[in-house]
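Look at the model below and trace the chain from one end to the other. A short walk through its parts comes after it.

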Amino acid sequence: MESVVFIFSLIDCCALIFLSVYFIITLSDLECDYINARSCCSKLNKWVVSEVIGHAVVTVLMLLSLHWFIFLLNLPVATWNIYRYIMVPSGNMGVFDPTEIHNRGQLKSHMKEAMIKLGFHLLCFFMYLYSMILALIND
C-alpha cells in the first residue's frame, strides 16, 4: 500500500514539475514581449486550480498515510497556494491579472515564485522516488 502512495505522489509531482516549467516559460514569454499580458494571464489562470488541487491531494495523502515529515514539508507550499488562490481581489481576472502583472514588479515575483516551486517539486520528486524504491524493496 505504501508503494502505491509514493507511485501516485511521484506521478502527481511530475505533473506539478511540468506545470511549473509551463508557468516559467509563459512568464518568460511575457517578459520578452512574445505574448501580451491578457493571453499570458488567461493561459496561466487556467492551470492555477489544477496546481492547487494537485498539491493539496499529495499533502492530504501524506497526512492520511502517516508520513509526517513529507506532510510537514508539503504543508507550507499547499497553504501558500490555497491562500494565494483565495485572496484574489474582486475584479481581478485571477491570480494572474493582466492589468497588474507589470505593476510593482509582480512579473518578477511571479517568476521567482515559479522557480522556487520548480526547485521544491524537483526535491520532492527525488524524495518520492527514493521512498517508492524503499517501499517496493520492503514489500
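This is a predicted model: local features need pLDDT of at least 70, side-chain atom pairs count only at pLDDT 80 or more; totals for chains, interfaces and linings use all residues.

The protein chain contains four helices and zero strands, and in sequence order its pattern reads α-α-α-α.

Begin with helix α1, residues 2-31, and helix α2, residues 37-64. Two packed helices are described by the angle between their axes and the distance between the axes. For α1 and α2 the angle is about 160°, and the axes lie 10 Å apart. Angles over 145 degrees count as roughly antiparallel, and therefore α1 and α2 are roughly antiparallel to each other. The crossing of α1 past α2 is left-handed. Sorted by class, the residues in the contact of α1 with α2 are 18 nonpolar, four polar and three charged.

Helix α2 has some details of its own. It is made of 28 residues, and the distance from its first C-alpha to its last is 40 Å, close to the 40 Å expected at 1.5 Å a residue. Where is the kink in α2 centred? The kink is centred on W47, and it amounts to about 30°. Just after α2 comes L66, which takes a positive phi of about 65°.

The other pair to examine is helix α3, residues 68-86, with helix α4, residues 106-138. Their axes come within 12 Å and cross at roughly 150°. By the cut-off of 145 degrees, α3 and α4 are therefore roughly antiparallel to each other as well. Here too the crossing is left-handed, with α3 passing α4.

Finally, consider what a record says about the chain. An unreviewed UniProt entry carries the annotation "transmembrane region" for residues 5-25, 52-75 and 118-137. How much of the chain over residues 5-25 is helix, and how much is strand? Residues 5-25 are 100% helix and 0% strand, with the end C-alpha atoms 30 Å apart. Residues 118-137 are likewise 100% helix and 0% strand, and there the end C-alpha atoms are 29 Å apart.

How values were computed. Residues are numbered from 1 along each chain as its sequence is written. Side-chain values use heavy atoms; hydrogens and water are left out. Axes are lines fitted to C-alpha atoms, for helices over the stretch in contact, and angles run from 0 to 180 degrees between N-to-C directions. Helices (H or I, at least four residues) and strands (E, at least two) are DSSP runs, numbered from the N terminus. Angles under 35 degrees count as roughly parallel, over 145 as roughly antiparallel, 65 to 115 as roughly perpendicular and the rest as oblique. A crossing is left-handed if the near helix is turned anticlockwise from the far one by less than a right angle, and right-handed if clockwise. Ala, Val, Leu, Ile, Met, Phe, Trp, Tyr, Cys and Pro count as nonpolar, Asp, Glu, Lys and Arg as charged, and the others, Gly among them, as polar. UniProt positions are given in the numbering used here, feature names are shortened, and annotations may be inferred rather than shown by experiment. The expected span of a helix is 1.5 Å times one less than its number of residues. The bend at a residue is the angle between axes fitted to the seven residues ending there and the seven starting there.
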